[in-house]
Amino acid sequence: MTTPEMPRRSFLFSFGLERLGLVALRAPYLSLALIVILSALAVFGVSRLRVDDSLSELFRTNTEEFRKYEQIDSRFPSSEYDVLVVVEGKDLLSRKKLTAFREAVIELQLTDGVSGLVSMLSARGIPDATGYAPPVVPDELPQDDAAYKKVIDALAENDIVKGKFLSGDGELALIVISLDRALVEKNTARTVIGGIKEVADQQLAGSGLTAKLTGAPVMQLEIRNAVERDRLVYNGLGFAVGFVVAYLFFRRLSLTLIAVLGPTIAILWTLGVLGGLDFRLNLFINVITPLILVSGFSDSMHLVFAIRRDILAGMDRIEAASNAVREVAPACLLTAMNQAISIVSFAFADSALIRTFGLAALMAVAISYTAVAVVVPTLAAIFVRREPAAAVDPHEREEGGVGVLQRFSDSVIGYVGARPAPFVLAGIAAVLITGHAFFALKPMYRLADQVPDKEQALSATGSLDSKLTGANPVHVMIEWKGGQDAAAGAAPAASDVIGLYDVGTLGVIAEAHRVLEREAGLGNVWSLESLRRWLDAAGDASIPTIRKYVGILPDHLVRRFIAADERAVLVTARLPDIDASEILPVVEKIDHALEPVRKAHPGYEISVTGLPAIAARNSATLISELTWGLVGDIFLVFIFLGIALRAWLVGVASILSSLFPIFATGALLYYTGQGLQFASIVAITVAFSLAIDSTIHFLNRFRLEEERLGPGPDSAREALARTAHHIGPAVILTTVVLALGLGVTMLSDLPSLRLFGELASVCLFASLLGQLVILPAVVALYRKKYPLRSVAAQRIS
């Protein structure tokens, strides 16, 4: 039998791109050969993908503030590249356990990749007449209990040790290791950090002490491992779940493979291009895969459903694929264009990481549409077998899994369409209530959310937060260019320019040190002032003595707080890992307290920096910009839809059903006491892609059915019923498959990725509610008020 020819119609700005599939169908085997060749090239590009494990890239901006932060890495190479070894155990200061700790420290100093370390055993006593400062803990521990207790008491009360390298309860000790960056680059961080962990475990085995590693290099390694593992495990598991569910409904291997291979090849091509262009994998770029999975799988499913319908009606597979391209491809192209509009604001964000994600996502949208539009018709034309003629009428009910979905969607949409007003009012109320909650969300950012929480780094960081002062460094950087400080209060010692050992310079360092300790209430503060205070307690804190001891200290320790050119110093304190909103008042308090120092010493440039400071200042701004950018882009999408299809109905009908899943997800965050994080914005963006995708396919089919039926008293109701019959199963099945596929990310070790999976799944099911209830109600109510006027009309308005 032959099916009635559906009216063909493009839309504004399509540029003929919706006909790509028809071009491929002219020579399907040649198209298949090109697909294979491009896929092989993409595999090469994928092999070039590398992981970006930077903790600061998210906040990289073209600002003086970030350039100051970057200077720390170059001028103070040890300051933010420490491995922190957290040793814990009861009675840590007992003779047996302290001996084991000492042996571990000695072996760690000899471990490949370690340039030096500092621990409680580095503490020195008061220098003698010759200037020699004996260690607080001697090389040979006293055997006499009284003498040993005296050593331990001196160690526990030492100003350098207590609260900095040893907890107040004596159950935690900290070892700070400086890495040799050249050796780390040569041997890889995995090898060096793994070697440190192995040595620590071996030396502490049987002692009752345990060692955990943290610090930026350890966190970066764990992020890299998690990103690589998640990319393979969860993407593969997600596709496997999608394949099984799709097969249970299609019951045909060829259709299932085609539905899955479309987005699979789209992902392969996209990752190949990104790898070839040297994009680096990170939390955001990793989201490209589910973004393509959502849009690509949805488009692929709609194409396959259309092909299946005609094949079951006995149509030739080439003709069936051609009809599917004519009916569905315009909606797929329009979906891709709207996705591009919804993420275009990311490409202009201040953050380099988000800007890179925006560019990558725009490329992904274009590649995904091209791949699905070409791959699905090509594979269908070659691999789908022909059914006996007139096997199934396309308007009759089916059996099996698709039949169940069809009957469900028919009944729901039929019920809603018969009484649309209350459902439209309910939809408006739901959008207003959830929208209020969405816009009441406060931005949140914690470093811990970016790091795997089932590994050692966060566990060790938690111990430091609770028993010491934290693990995250915040710095006051003091710089001078060589001019005289007119308000220093004393003439420079040897020249008319500012020097490191000038009275004025040492005074500024002391003031900054005091601000961190007293004004901000921070602990574990380190600077040249720490050395001066120690020497002062010994009775000689003269400038020559300070200079002498700086020369004695190992280079890795000196470079923590004095730049090699001696024109900049750091005063460093450590903060616990808390939300950026809690850190910001501390940073602002430090900045405010330093203002009198800046005014009194105009020859010095004093800035507060470090990753916690950068995150505190920028995270809320970035999240707010992304949120409002997304909302603005969403409304731009509605306007574009109306203009492109020359129909008010399209723009109006798409608003409620597309906003509801976004606002509902935000309301869930709000009422569960969570804030708006970077992962939340990405999850909402991905879910909006599916919401607008399903909306466009629904409205496109409704337009086709309505034009076919023409105007009449029941034409809108019949067109809505046929749209539900054809589109409903695809929308439901797509949502179920994607929710399960993306939901597997809830098993990830990365908190941000788990949050993404949870929110994406919730948002997808909210989107399904919007497509089956709100959208049909709006369409039905609109058509009651504004019925179709002309058979020849090429628009639904």
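Predicted model: local features only at pLDDT ≥ 70, side-chain atom pairs only at ≥ 80, totals over all residues.
View 1. Two cysteines are shown here. Cys332 is buried, with a relative accessible area of 2%. Cys763 is also buried, and its relative accessible area is 0%.

**View 2. The salt bridge between Lys68 and Glu479.** The closest N and O atoms of Lys68 and Glu479 are 2.5 Å apart, and the two residues form a salt bridge. Lys68 belongs to helix H3 (residues 64-75) and Glu479 to strand E7 (residues 472-479), so the contact ties together parts of the chain that are 411 residues apart in sequence. Lys68 is buried, at a relative accessible area of 7%. Glu479 is buried as well, at 9%.

**View 3. The salt bridge between Asp82 and Arg560.** Asp82 and Arg560 form a salt bridge in which the closest N and O atoms are 2.6 Å apart. Asp82 is in strand E2 (residues 82-88), while Arg560 is in the loop between helix H19 (555-558) and strand E9 (568-575), so the pair ties together parts that are 478 residues apart in sequence. Asp82 counts as buried because its relative accessibility is 5%, under the 20% limit. Arg560, at 14% relative accessibility, counts as buried too.

**View 4. The salt bridge between Asp145 and Arg95.** Here the closest N and O atoms of the salt bridge between Asp145 and Arg95 are 3.8 Å apart. Asp145 lies in helix H5 (residues 145-157) and Arg95 in helix H4 (residues 95-109); the pair links distant parts of the chain, 50 residues apart. Asp145 is exposed, with a relative accessible area of 57%. Arg95 is partly exposed, with a value of 26%.

**View 5. A network of salt bridges.** Six residues are labelled in this view: Arg309, Glu327, Arg701, Glu705, Glu718 and Arg722, which are linked in a network of salt bridges. The structure as a whole holds 32 salt bridges.

**View 6. The open sheet of E8, E9, E7 and E10.** Four strands form this open sheet, in the order E8-E9-E7-E10, and their pairing is antiparallel. Strand E8 (523-526) and strand E10 (605-609) stand at the edges; each has a single partner strand, so one side of each is left without a neighbour in the sheet. On average, neighbouring strands of the sheet are turned by 15° against each other, with direction ignored.

**View 7. Pairing of E7 with E10.** The antiparallel pairing between E7 and E10 runs over five bridges. In one of the bridges, Val476 has Val608 in E10 as its partner.

**View 8. A nonpolar patch on the surface.** Leu30, Leu34, Ile37, Leu38 and Leu41 form a nonpolar patch on the surface, and together they have about 500 Å² of accessible area. One of these residues, Ile37, is placed in helix H2 (residues 28-47). Ile37 is partly exposed, with a relative accessible area of 48%.

Technical notes: Residues numbered from 1 in each chain as written. Heavy atoms only, no water. Salt bridge = Lys/Arg side-chain N within 4 Å of Asp/Glu carboxyl O. Helix = DSSP H or I, 4+ residues; strand = E, 2+ residues; numbered from the N terminus. Buried < 20%, exposed > 50% of the residue type's maximum accessible area, 1.4 Å probe, protein only. Patch = residues over 30% accessible without salt bridge, like charges linked within 9 Å, V, L, I, M, F, W, Y side chains within 5 Å. Areas by Shrake-Rupley, 256 points an atom, 1.4 Å probe, with all protein chains shown as cover. Pairing = 2+ DSSP bridges. Axes fitted to C-alpha atoms, helices over the stretch in contact; angles between N-to-C directions.
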